[in-house]
Amino acid sequence: MNKFLKKHRTKEFPHSEELFSALKSGKFESFSAPKLFDLGVETEHLKSTYEIKAGIVEEKDTPHAKSILRDTRAFLEELNKTKDKKVKIWGFEFSEGVSFTVFEGARSKDILGCIRAKDKTRVSEEEWKQLWENKAVILGELHKKKD
């Protein structure tokens, strides 16, 4: 984690202020860093993966989904601009189920994106439903069941 902080603490990127504040407070529970000889993930692979993820999230109409979609689109935009052929991925897990996935250009060391989300394995089933389910759709389905 110290390596990440040394390289990036002065950089601005989506959620950087919240991430660095949480790291400074010691509220993080775990983090994952690229291994010493990890060359990263192919940029083209990440593009196709996150384009699919954006399409899935786009169908949801909740604040959480909209935030993830914004983060994902910004990341895809940076992937399309970068000359980096590979991307390294940093992961940070915090209390209350909040996670940050930070994408770093393997060659440039630029931050290409940061996706803030809640981790399904670390929140209650009820909270997960609130994060992802469109209440209007749910109410419509309940109304249909009564008919």
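1. In β4, Phe-103 is the bridge partner of Ile-89. Phe-103 also stands opposite Gly-113 in β5. Strands here are DSSP E runs of at least two residues and helices are H or I runs of at least four, numbered from the N terminus.

2. The model is predicted, so local features need pLDDT of at least 70 and side-chain atom pairs count only at pLDDT 80 or more, while totals for chains, interfaces and linings use all residues. Residues are numbered from 1 along each chain as its sequence is written, and side-chain values use heavy atoms, with hydrogens and water left out.

3. β4 runs antiparallel to β3, joined by seven bridges, and antiparallel to β5, again with seven bridges. Two strands pair if DSSP finds at least two bridges between them. Seven of the eight residues of β4 are buried, where buried means under 20% relative accessible area, exposed over 50%, and partly exposed in between (1.4 Å probe, protein chains only).

4. Three residues separate β3 from β4 in their hairpin. Glu-96, in the loop between these strands, has a phi near 70 degrees, a positive value in a residue other than glycine. At 64% relative accessibility, Glu-96 counts as exposed.

5. The hairpin of β4 and β5 has five residues between its strands. Lys-109 lies in that loop and, although not a glycine, has a positive phi of about 70 degrees. Its relative accessibility is 30%, so Lys-109 counts as partly exposed. For context, most residues other than glycine have a negative phi.

6. Helix α3 covers residues 43-58, and its 16 residues should span 22 Å at 1.5 Å a residue; the end C-alpha atoms are 22 Å apart, which agrees. The expected span is 1.5 Å times one less than the number of residues.

7. Which residues of α3 are buried? They are Thr-43, Leu-46, Lys-47, Tyr-50, Ala-54 and Val-57. Seen down the axis of α3, these buried residues fall within an arc of 100 degrees, so they line one face of the helix. The arc is that of the directions from the helix axis to the C-beta atoms. An α-helix has 3.6 residues a turn, so residues three or four places apart point the same way.

8. Glu-44, Ile-52 and Ile-56 are exposed, on the face of α3 turned away from its buried side. The buried residues of α3 pack against β2 (41-42), α4 (63-81), β3 (86-94), β4 (98-105), β5 (111-118) and α5 (125-132); contact means heavy atoms within 4.5 Å.
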